[in-house]
Structures are given as C-alpha cells and as structure tokens.
Amino acid sequence: MNIINFTPVSAFTGGVIIGLAVVVFFLLNGRLVGISGIASNALTEKNNRFDNFLFLVGLIIGPILYTLFTSKQISVTISSSYTLLIIAGLLVGLGTRISGGCTSGHGISGIGRFSLRSIIATITFMIVGIITVFVKNLI
Amino acid sequence: MNKLVSLVSGIIFGIGLVISEMINPAKVLGFLDLFGYWDPSLAFVMIGALVVSSPMFHLIKNNKKPLFAEKFDYSNNKNINTKLIVGSALFGAGWGLGGLCPGPAISSIALFNVYSIAFVISMFIGFYIVKVLNFSATR
C-alpha cells in the first residue's frame with residue numbers, strides 16, 4: 001500500500017461542514033439527511049416533495065456559490081466511460097434504495113446515531129467498493 | 001421556514017462536498033484503492049462529519065420537537081436482513097465502478113459535467129425501479 005494525495009485538513013474541514021448541514025436539518029426540520037432517500041423521495045413520494053427538491057437544488061447551488069465567492073476552480077475528474085457510468089448509476093440507484101441508505105444516510109446519519117444496521121451497511125459497501133476497484137485495476 | 005432550511009442545508013452540504021473534495025470521483029476512488037495508491041481522505045471527511053453530528057444527534061433527540069416542524073421524522077428501522085446486505089453490496093459495486101455516490105453526483109451537476117449527468121439519470125432510473133417493484137428496505 002502506498003499513500004498518495006492525502007489531504008487530511010481539507011477533508012476534515014469539509015466533513016465538519018457536512019456534519020453541520022446534517023445537524024441543521026435535524027434540529028430545525030426534524031429529518032435526517034440521507035441523499036439517496038431525499039433524491040428518491042423527491043421523484044416518487046408526494047410527502048415533503050418540495051422540501052426534498054429544494055435540498056437537491058441546494059446541493060447544486062453550493063458548489064456554484066463556492067466558486068463565485070472564492071473564484072477557485074472545482075476539479076472533477078471522471079475517467080470512466082459512459083457505459084460504465086450508466087451501469088454504476090443504475091447499481092447505486094438500485095442498491096441505495098434496496099438497503100435504504102447511502103454514504104450520507106447510513107455512513108453519517110446512521111453511524112452518528114450508533115445504528116448497528118447502518119454500521120453493517122457502511123462496512124459492506126466500503127468492502128465491496130474496495131474489491132470492485134481492486135478487480136477493476138486488474139483488468 | 002422549513003423550505004428555506006431544506007435549501008440552506010443542501011447548500012451547506014454541497015459546500016462541504018467541495019471543500020472536502022468528495023465531489024471529485026478521483027478522490028473517492030483513491031480511498032477505495034486500498035491495495036494500490038491509497039488516499040485516506042474520505043475517512044477524515046466521515047470523522048469530521050461524525051464529530052459534529054453524533055453528539056448533536058444525542059442532544060437534539062431529547063428535544064420535544066424540531067424548531068420548524070411538527071415532529072421528528074426519521075426511520076428507526078433496526079432490521080438487519082438480506083436487503084440491507086445485498087443493497088449495500090450493489091451500491092458498493094456501483095460506487096467502486098464510478099467513484100460517485102448520490103450526494104457528490106447531484107452536486108457535480110453544477111459543473112455541467114455530462115458524465116455525472118448521465119450517472120445521475122441512470123441513478124434515478126434505479127430509484128424508480130426499486131419503487132415500482134416495492135423492493136425498498138425503508139418502509
């Protein structure tokens with residue numbers, strides 16, 4: 001194992017800001033952030049639909065505001081093909097709804113409440129993600 | 001008021017994704033490349049988020065109700081079942097293939113990246129399939 005590109009300070013700072021967003025949403029609106037749930041419910045559920053939609057709009061506005069105020073470029077490097085991304089998107093959509101959460105819902109909101117269910121989900125998707133990358137690198 | 005909270009929570013979350021660089025799939029794939037060139041940053045993002053959210057969850061839970069809503073509304077599902085494991089595994093595979101999970105994928109729409117937009121559309125199709133087949137573990 002070689003460690004590269006490690007950015008502990010910006011990672012931790014960004015994490016604290018994400019945690020803050022989760023706390024604000026819970027304290028004021030009484031709901032736990034889970035992006036896959038919010039996104040899926042915005043599509044399929046009438047209940048809270050506008051709230052969910054606004055949260056998603058916020059997710060998109062956030063990076064735009066950041067660029068406006070800091071005039072820094074945001075780098076997004078995607079090296080996968082369209083075919084691979086469409087398969088990946090489908091797997092992420094299916095998997096997160098079948099298991100009831102993603103990196104935010106299980107990984108932050110769930111683990112933050114010490115939910116065993118979410119701890120098991122997070123360990124599972126991380127292990128499978130690591131295996132997937134390992135196999136992908138072999139091919 | 002809760003509409004504004006939803007929007008602002010989304011914005012804060014999106015800014016956190018930018019600062020932590022989790023909006024960049026290359027950074028996420030670095031974390032999953034444990035046996036190659038490992039970038040531990042994602043773990044620090046989760047720690048940062050949990051340091052803030054976890055103690056606050058436990059404090060806020062004692063409140064009678066959220067500030068701008070009638071009641072707290074979140075799933076207290078404790079079932080550890082096949083859906084949880086299979087769903088998380090499918091999500092992990094998709095995450096490892098593309099390096100995108102729901103939050104960063106939606107946030108990166110801000111950059112008009114056609115690849116991430118293709119991923120997001122595909123992900124929503126996945127959400128919809130689970131809804132139609134009534135396969136979700138949440139309710």
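In strand S1 of chain B, the residue B:Trp38 is the bridge partner of A:Ile3. This pairing belongs to a set of 2 bridges that join strand S1(A), residues 2-3, to S1(B), and the two strands run parallel; strands are taken to pair if DSSP finds at least two bridges between them. Helices (H or I, at least four residues) and strands (E, at least two) are DSSP runs numbered from the N terminus. The model is a predicted one, in which local features need pLDDT of at least 70 and side-chain atom pairs count only at pLDDT 80 or more, whereas totals for chains, interfaces and linings use all residues. Residues are numbered from 1 along each chain as its sequence is written, and chains are lettered from A and ligands numbered from 1 in the order in which they are written.

The contact between the chains takes 102 residues from chain A and 109 residues from chain B, two residues being in contact if their C-beta atoms, placed from the backbone, lie within 7 Å. On the side of chain B that touches chain A, the largest share, 17 residues, comes from H1(B). The residues of this side divide into 68 nonpolar, 31 polar and 10 charged, where Ala, Val, Leu, Ile, Met, Phe, Trp, Tyr, Cys and Pro count as nonpolar, Asp, Glu, Lys and Arg as charged, and the others, Gly among them, as polar.

Within H5(A), the residues A:Gly107, A:Ile108, A:Ile111 and A:Gly112 meet residues of H3(B), including B:Met46, B:Leu50 and B:Phe57. By class, this contact of H5(A) with H3(B) has 6 nonpolar, 4 polar and no charged residues.
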